Amino acid sequence: MKKFSKLFCVMIMAILLVVPSASVFAAKTTKKTTTTTTTSATYAVSEDEKAVTMHVFYSPTCGHCAALHEFLGELKEDKDYKDKFNIKDYNVSDSLNIELLDEVRDYFKNAGDGVPYYVIGDVDFEGFGESSKAEIKKTIDDMYGSKNYKDVVNAIVKDEVDTLSDDANNVIGMVVLGLCVVIIIVLIICSSKNKYYEEDEEDEEETESKEKEEEKVSEKKSESKTNTSSKKNSKNANSKKKK
């Protein structure tokens, strides 16, 4: 029974660990992929791993889009910013990029329909003007190397928007915590059962030992009675002979 209890614990733990992993793997493999056609990066890509990505939706015929790209070109030559960010362009003359733009706007609940529309991490911008320059710089500074940096557009392209939500992260945390609690409870139950079986086995061994001792005592008493009876018979026989 002791061996069976340990085996049962191992099986339960294996099920608890394998099933959630299999579910996550299945969820990942069934995700749809969104294909987008993007223009080649207009500017040099930063080799800094902490660099943030600026996703720019633009039209080749848009004057404000051209002004934005001119400013970004200058920013890429600025020693304080050139390595802090990358630029990814989406030409909205391509229908697939328009679909992505709609998904991004839906995520941010942005009802606008114009360009340039651009996103840095989880902050979106509409249009471009002199005041936009300071906002762009500040956003890049805030997100560069930040642990809270979330690339929303990239997550939408990969269909991983759920991972951006704090609620989703809390749910994952609660699931992991729940699994840990269940495993601990199972281990406690198994440990208690093992102790019970060990105590039961000890009781059985003690009972067997007592029974053996009682048998020995009984045998000794029986031998003693037999010897006593033999001695009495021997005395009686001797007394008869004397008579």
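Phe71 and Phe128 are both buried. The two residues form a tilted aromatic pair, with 5.9 Å from centre to centre and 35° between the planes. Phe71 belongs to helix α2 and Phe128 to the loop between β4 and α4, so the pair ties together parts of the chain that are 57 residues apart in sequence. The model described here is predicted. The points below treat the sheet, the helices on it, the aromatic rings, the charged side chains and the backbone.

**The sheet**

- An open sheet is formed by 4 strands in the order β2-β1-β3-β4, and its pairing is mixed.
- The edge positions are taken by β2 (85-91) and β4 (123-126); each has a single partner strand, so one side of each is left without a neighbour in the sheet.
- On average, neighbouring strands of this sheet are turned by 20° against each other, direction ignored.
- In general, the strands of a sheet pair through backbone hydrogen bonds, either parallel or antiparallel.
- Strand β1 (residues 52-58) and β2 run parallel and are joined by 7 bridges.
- Within these two strands, Tyr58 stands opposite Asn91 in β2.

**Helices on the sheet**

- Helix α3 (residues 95-108) lies across β1, β2, β3 (117-120) and β4, and runs at about 60° to β3.
- Helix α4 (residues 130-143) also packs on the sheet, where it touches β1, β2, β3 and β4.
- The direction of α4 makes about 25° with that of β3.

**Aromatic rings**

- The count of aromatic pairs comes to 5.
- One of them joins Phe57 and Tyr90: the ring centres are 4.7 Å apart and the planes are at 20°, so the pair is stacked.
- This pair links distant parts of the chain, since Phe57 is in strand β1 and Tyr90 in strand β2, 33 residues apart.
- Phe57 and Tyr90 are both buried.
- Together with Tyr117, Phe57 and Tyr90 form one aromatic cluster.

**Charged side chains**

- The count of salt bridges comes to 4.
- One of them is between Lys84 and Asp141, at 3.0 Å from N to O.
- Lys84 lies in the loop between α2 (63-77) and β2, whereas Asp141 lies in helix α4, so that distant parts of the chain, 57 residues apart, are linked.
- Lys84 is partly exposed at 21% relative accessibility, and Asp141 is partly exposed at 32%.
- The charged end of Lys84 also sits over the ring of Tyr81, 5.3 Å from the ring centre.
- Another salt bridge joins Glu126 and Arg105, whose closest N and O atoms are 2.9 Å apart.
- Here too the pair links distant parts of the chain: Glu126 is in strand β4 and Arg105 in helix α3, 21 residues apart.
- The charged end of Arg105 sits over the ring of Tyr117, at 4.2 Å from the ring centre, and Tyr117 is a member of the aromatic cluster with Phe57 and Tyr90.
- Glu130 and Lys133 meet in a salt bridge as well, at 3.2 Å from N to O.
- These two residues are separated by about one helical turn, because they are 3 residues apart in helix α4.
- Glu130 is exposed at 62% relative accessibility, whereas Lys133 is partly exposed at 24%.

**Backbone features**

- Val115 and Pro116 are joined by a cis peptide bond, with omega of about 10°.
- Pro116 is located in the loop between α3 and β3.
- Lys109 is placed in the loop between α3 and β3, and its phi is near 55°, a positive value in a residue other than glycine.
- Lys109 is exposed, and its relative accessible area is 76%.
- Asp159 is not a glycine either, yet its phi is positive, at about 60°.
- The loop that holds Asp159 runs between α5 (152-157) and α6 (166-242).
- Asp159 is partly exposed, with a relative accessible area of 28%.

Notes
Residues numbered from 1 in each chain as written. Predicted model: local features only at pLDDT ≥ 70, side-chain atom pairs only at ≥ 80, totals over all residues. Heavy atoms only, no water. Pairing = 2+ DSSP bridges. Axes fitted to C-alpha atoms, helices over the stretch in contact; angles between N-to-C directions. Contact = heavy atoms within 4.5 Å. Buried < 20%, exposed > 50% of the residue type's maximum accessible area, 1.4 Å probe, protein only. Phe/Tyr/Trp six-rings, centres within 6.5 Å; stacked < 30°, edge-to-face > 60°. Lys NZ or Arg CZ within 6 Å of the ring centre and 35° of its normal.
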